[in-house]
Amino acid sequence: MLSLALAGKPNAGKSTFYTAATMADVDVANYPFTTIDANRGVTHVRTDCPCLERDERCGHEHCHDGKRYVPVELLDVAGLVPGAHEGKGLGNQFLDELTNADAILNVVDATGGTNAEGEPVEIGSHDPLEDIDFIEREMDLWLAGIIDRNWETVERQSRSPGFDMDDALTDLLTGFGATEHDVAACLRELDYPESPMAWEDDHREALATRVRERTKPIVVVANKIDAAPAENVEALRALDKPVIPATAQGELALRRGADAGAIDYDPGDSTFEVVGELPDDQRALLDALSDTMDEYGGTGVQRALDYAVYDLLDHITAYPVQDASKWTDGQGNVLPDAHLLPRGSTPVDLAYAVHSDIGDGYLHAVDAKTSMEVSDAYELEEGDVVKIVSTAK
Ligand SMILES: Nc1nc2c(ncn2[C@@H]2O[C@H](COP(=O)(O)OP(=O)(O)OP(=O)(O)O)[C@@H](O)[C@H]2O)c(=O)[nH]1
C-alpha cells in the first residue's frame, strides 16, 4: 500500500489532520477504523468510480454515489523542530519514520501563531514561510549524516576491483527508499569526483538533497486557514511549490458530525449540509466553516491526500475484474478492488499487483469498457476496468 507521512513542527495540526483523515465515513458502513499502531493508520484518496459510466452505482462499501475512496497508509510523525537531525526534540527517531513514506505532507500553521519550535505566540507574529524549508533541510542534513557515517565503507569497497559507485551508493541508500534507478539518475545530475576518497562534505550533501527530492516528494498543507490572516495564505500559495490551503479542524468537525448523522458530507466535498439537530454554538461554528469552505473550495484535507497520490506520485487507479461485461469478481461483487499504480503501468503490472505469484501465468488482458483485448504494453489510464486472463486458478 502507498504510504504518506505527515511532517511538521509541533502544534501545526498534524494529529488533528491524522484523526480526521483516518476516521471512517459513516456511510462507508462496516469499514473499520483501522489503526495499525498509534501513529499509523489507513486513510483514502478520492476518485471518480468507473460505475459513474453505467446506469447503476456499484454499491461498493468504498463507493458513495460514484465517489470512490481508495485506501493508502498515513503516518503521523511527531513534531520536528529545527536541529532535529542532530537529535534535538527526539528528532532522529522521527526522521527515521519518514523513510517509510512514499510522499510527505508538510503541515504548516498558516496563522503564524506558533514559533519555530511550535510554541504558541501571537497570531501573525511568526512567518509560516520559514517553516517550509526547515523540514526539507532537516531531512537533507540527516540523510547527509547517514551517508557521511557510512562513507568509510564506500572508500573501502572502492579499493576492490570491479568497484561500482552506483552499486555502492544504492546499497547505502536503499533503506531510504532509493532504487538503483534513482541513485543512477541522481548521480547523473551531480558533478562528483570519481574516487570516493576525494569526496567532500558538499558532494555528500548535494547527493542527499537530490535523493531526498527524488524519493520523498512534498506537498505543503497550509493548515488553520479558518484562523489565518489572508496575506499569510496568499504568500504560501504564491510559492513555487505545491501548497494546499486546509483546515484539519474543520474536516474533523465534519467527519464527526457525519458520523453522528447530523451532517451530510463526504470527504472531499466542497460543501456540506446540516441534516440533524445541533446545539447553537456548533451551528455557529459550522456557519463559519461553511464560509471558509466557500472561499477555498472545501476543507483541503482530502485534496491534499489526493494531490500527494495522483499528482506528486503520479499514480492512477485501475480496477481488475473477472467478468468483463458485469465488471464483477467471482462472487458477483461489482468493481471489488481498486489498485493504485504508477502512471505508465501496464496490464501485466496490474496482474502482478493482484497476484504476486502469477509468474509467467499472464496470458492477456481485456479492457472491460470496450470488451477489446489490449496489448501487454498498453498504458493503463485512470479508471480503467481490466479483466486479466491468466493460467492462475
Ligand atoms: N484554528 C485551527 N486550529 C487547528 C486546526 N487544526 C489544528 N488546530 C489546533 O492546533 C493545535 C495543535 O494541533 P495538533 O493536531 O495537536 O498539532 P500537532 O502538529 O499534531 O502537534 P504535535 O503533536 O505537538 O506535533 C490544537 O489546538 C488544534 O485544535 C485548524 O484547522 N484550525
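This is a predicted model: local features need pLDDT of at least 70, side-chain atom pairs count only at pLDDT 80 or more; totals for chains, interfaces and linings use all residues.
## Where two helices cross

Let's start with helix H3, which covers residues 130-149, and helix H7, which covers residues 201-215. Their axes come within 8 Å and cross at roughly 125°. The crossing of the two helices is right-handed.

Which residues bring H3 and H7 together? On the H3 side they are Met139, Asp140, Leu143, Ala144, Ile147 and Asp148. On the H7 side, they meet Arg204, Glu205, Leu207, Ala208, Thr209, Val211 and Arg212. Sorted by class, this contact has 7 nonpolar, 5 charged and 1 polar residues.

## Asp314, a loop residue

Next, have a look at the loop between helix H11 (301-312) and strand E11 (315-321), where you will find Asp314. Its phi is near 50°, a positive value in a residue other than glycine.

Is Asp314 buried or exposed? Asp314 counts as exposed, because it has 11 C-beta neighbours inside 10 Å and the cut-off for exposed is 12 or fewer.

Leu335 is not a glycine, and its phi is positive, near 40°.

What about the surroundings of Leu335? This residue has 24 C-beta neighbours inside 10 Å, so it counts as buried; the cut-off for that is 20 or more.

Technical notes: Residues are numbered from 1 along each chain as its sequence is written. Helices (H or I, at least four residues) and strands (E, at least two) are DSSP runs, numbered from the N terminus. Axes are lines fitted to C-alpha atoms, for helices over the stretch in contact, and angles run from 0 to 180 degrees between N-to-C directions. A crossing is left-handed if the near helix is turned anticlockwise from the far one by less than a right angle, and right-handed if clockwise. Two residues are in contact if their C-beta atoms, placed from the backbone, lie within 7 Å. Ala, Val, Leu, Ile, Met, Phe, Trp, Tyr, Cys and Pro count as nonpolar, Asp, Glu, Lys and Arg as charged, and the others, Gly among them, as polar.
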